[in-house]
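Visitor: I would like to learn how to read a model like this one, feature by feature. Where do we begin?

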Amino acid sequence: MNRFRFCLLLTLFLSFAAGAAEDSALREAKSLLDAGQAQQAYDLLKPMEDDEAGNPAFDYLLGLAALDSGRNTEAIFALQRVVDQDPNHGPARAELGRALMRANETDAARRELEIVKKQDPPDGVRRVMESYLAAIDQYHGAYRTSFARYVTTGLGFDTNVNNATDRGAVTASPAAGGLVFALANDSRELDSTKWDIGAGFSFTSPLQPDLRLVGGIDFNYSIALRDSDFTTTHARGHTGFQLTRDQNQYSLIVQGEKYFVDGPGISNSDRQLGAAVLQWRHIYNDNTQVSLFDQAALIRYPEQQVRNVNRYSGGVGVAHAMPQMAGSPVIFASAFGGVENSQNDRARTGLACGCGKHFDREFFGVRIGGRRLLGPRGSLFGSVTYQASDYNADDPIFGSRRDDDFFDVNIGYRYRFDGNWSLTPHLSYTNNDSNIIVNDFDRVEFMVTIRNDF
């Protein structure tokens with residue numbers, strides 16, 4: 001009996017000693033890794049693998065040591081054992097994603113990193129994950145065609161669904177008889193609840209390492225539930241080329257757009273647009289970039305051809321990120337301007353006079369805005385736009401040249417449930433201050449939109 005007790009005590013002692021030695025080796029390996037001595041840590045842990053493989057603490061340190069000493073395949077095997085044992089081990093899954101990236105298994109790396117993001121990691125870890133995912137996107141953009149798709153739907157309220165004045169009557173100029181006209185119902189401010197449905201996709205296809213073909217299509221159907229004449233359909237698409245050289249990106253994009261309004265008569269303001277855009281973007285550093293653009297566009301109104309114009313515009317913009325500040329805010333600002341020339345000859349409009357000349361205008365404007373993260377899943381965004389328009393001929397009905405000051409304020413909050421689903425409440429205020437009564441209006445719109453990116 002005494003011999004049995006002795007053997008039992010000896011076994012317990014040896015087990016305790018082995019466990020203590022193992023703990024000591026793991027602590028030493030961690031210290032070596034913290035000191036940047038991955039090779040030494042690997043040399044310490046590798047002889048223990050046959051006995052310790054399957055122990056998450058050991059496999060995690062071995063995976064780190066293998067990864068940081070250039071042994072990607074061994075790192076993948078060790079870290080995979082950790083996440084098999086503990087699927088919620090975020091650090092191991094993140095390092096597994098890094099190992100897969102180094103092995104050029106980018107699709108598998110993305111899956112692992114997206115899982116880490118869904119586990120609601122601390123802000124610092126989330127930023128690292130986003131930088132890894134951005135690197136994968138950059139790699140895919142350089143070597144393979146990539147697609148992005150989305151669907152969205154939203155419900156809200158619009159105080160002025162037809163962008164009309166709230167006046168009930170207007171007075172023509174003395175030259176036009178000085179008559180007082182009562183405005184029809186659809187020419188006066190109308191409010192309505194709205195239901196929006198949208199979808200779209202975009203693609204990037206590398207032609208050469210520094211040259212890409214890009215494009216996309218967006219579709220939106222906005223149903224005015226109270227005033228169905230102002231239900232709108234908006235479709236737009238673009239395609240073109242992007243050339244990247246060092247810190248510069250040059251783009252040549254062709255755009256097309258169609259906008260339909262359901263209602264008949266004066267409420268029908270269907271619009272078509274075709275444009276070519278040339279843009280240069282320069283990245284000064286990781287946080288700051290500037291851009292210049294020029295656009296030439298043909299804008300046509302099939303039902304109101306007198307409004308047809310050609311637009312020539314350009315602008316400059318700057319964006320700056322401040323990752324060192326709380327919420328990692330990003331701010332941007334731009335200035336733009338241009339001219340619109342009416343296309344009002346008989347061949348285009350069927351009119352004998354220059355009756356569309358009062359649609360000629362010069363315009364300029366500025367826009368400022370930004371975004372700030374609110375917690376790991378939310379972000380607050382907003383922008384303010386001002387645009388001044390000076391028209392070049394007297395309005396034939398009101399006898400004066402139109403002069404507009406346009407203001408637009410937007411603010412919203414986006415909450416991401418995961419990598420695909422997001423919810424966005426959005427509030428906007430628009431005011432067009434015009435000396436021509438029928439063009440003077442304001443508008444408030446509130447929408448709550450849910451979106452799925454896939």
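Visitor: Let us begin with a single residue. Is Asp59 buried or exposed?

Guide: This is a predicted model, so read each value as computed from it. Burial is read from relative accessible area, and buried means under 20%. Asp59 has a relative accessible area of 0%, so Asp59 is buried.

Visitor: With which residue does Asp59 form a salt bridge?

Guide: The partner is Arg81, and the closest N and O atoms of the pair are 2.9 Å apart. Arg81 is partly exposed, at a relative accessible area of 23%. Both residues also belong to a network of salt bridges that links Lys46, Glu49, Asp59, Glu74 and Arg81.

Visitor: How many salt bridges does the structure hold?

Guide: There are 22. Another one joins Lys194 to Asp158, with 3.6 Å between the closest N and O atoms. This pair links distant parts of the chain, since Lys194 is in strand β4 (residues 192-208) and Asp158 is in strand β1 (residues 146-158), 36 residues apart. Lys194 is buried, with a relative accessible area of 7%, and Asp158 counts as buried at 0%. A further salt bridge is formed by the side chains of Arg401 and Asp394, at 3.7 Å from N to O. Asp394 is partly exposed, with a relative accessible area of 45%.

Visitor: Now strands. Which strands does β6 pair with, and in what direction do they run?

Guide: Pairing is read from the bridges between two strands. Strand β5 (residues 211-224) and strand β6 (residues 232-245) run antiparallel and are joined by twelve bridges. In that pairing, Ser222 has Thr232 of β6 as its bridge partner. Strand β7 (residues 248-261) also runs antiparallel to β6, with 14 bridges between them.

Visitor: How do I read a side chain within a strand?

Guide: In a regular strand, side chains alternate between the two faces of the sheet. For a case here, take Glu257, which lies in strand β7. Glu257 is buried, at a relative accessible area of 18%. The Glu257 side chain has a polar contact of 3.3 Å with that of His234, and another of 3.1 Å with the side chain of Arg271. Beyond neighbours within four places in sequence, the contacts of Glu257 are His234, Ala235, Arg236, Arg271, Gln272 and Leu273.

Visitor: And in a helix, which residues of α2 are buried?

Guide: List the buried residues, then ask how they are placed around the axis. In helix α2 (residues 38-45) they are Ala38, Ala41, Tyr42 and Leu45. These cover an arc of only 100° around the axis, so they are on the same side of α2.

Visitor: What do the totals say about the protein?

Guide: The protein has nine helices and 16 strands. Of its 454 residues, 37% count as buried. Among contacts between residues at least 6 apart in sequence, 56% join residues at least 24 apart.

Key: Residues are numbered from 1 along each chain as its sequence is written. This is a predicted model: local features need pLDDT of at least 70, side-chain atom pairs count only at pLDDT 80 or more; totals for chains, interfaces and linings use all residues. Side-chain values use heavy atoms; hydrogens and water are left out. Two strands pair if DSSP finds at least two bridges between them. Helices (H or I, at least four residues) and strands (E, at least two) are DSSP runs, numbered from the N terminus. Buried means under 20% relative accessible area, exposed over 50%, partly exposed in between (1.4 Å probe, protein chains only). A polar contact is a pair of N or O atoms within 3.5 Å; within protein, one must be able to donate a hydrogen and the other to accept it, and residues adjacent in sequence count only if both atoms are side-chain atoms. Contact means heavy atoms within 4.5 Å. The arc is that of the directions from the helix axis to the C-beta atoms. A salt bridge is a side-chain nitrogen of Lys or Arg within 4 Å of a carboxyl oxygen of Asp or Glu.
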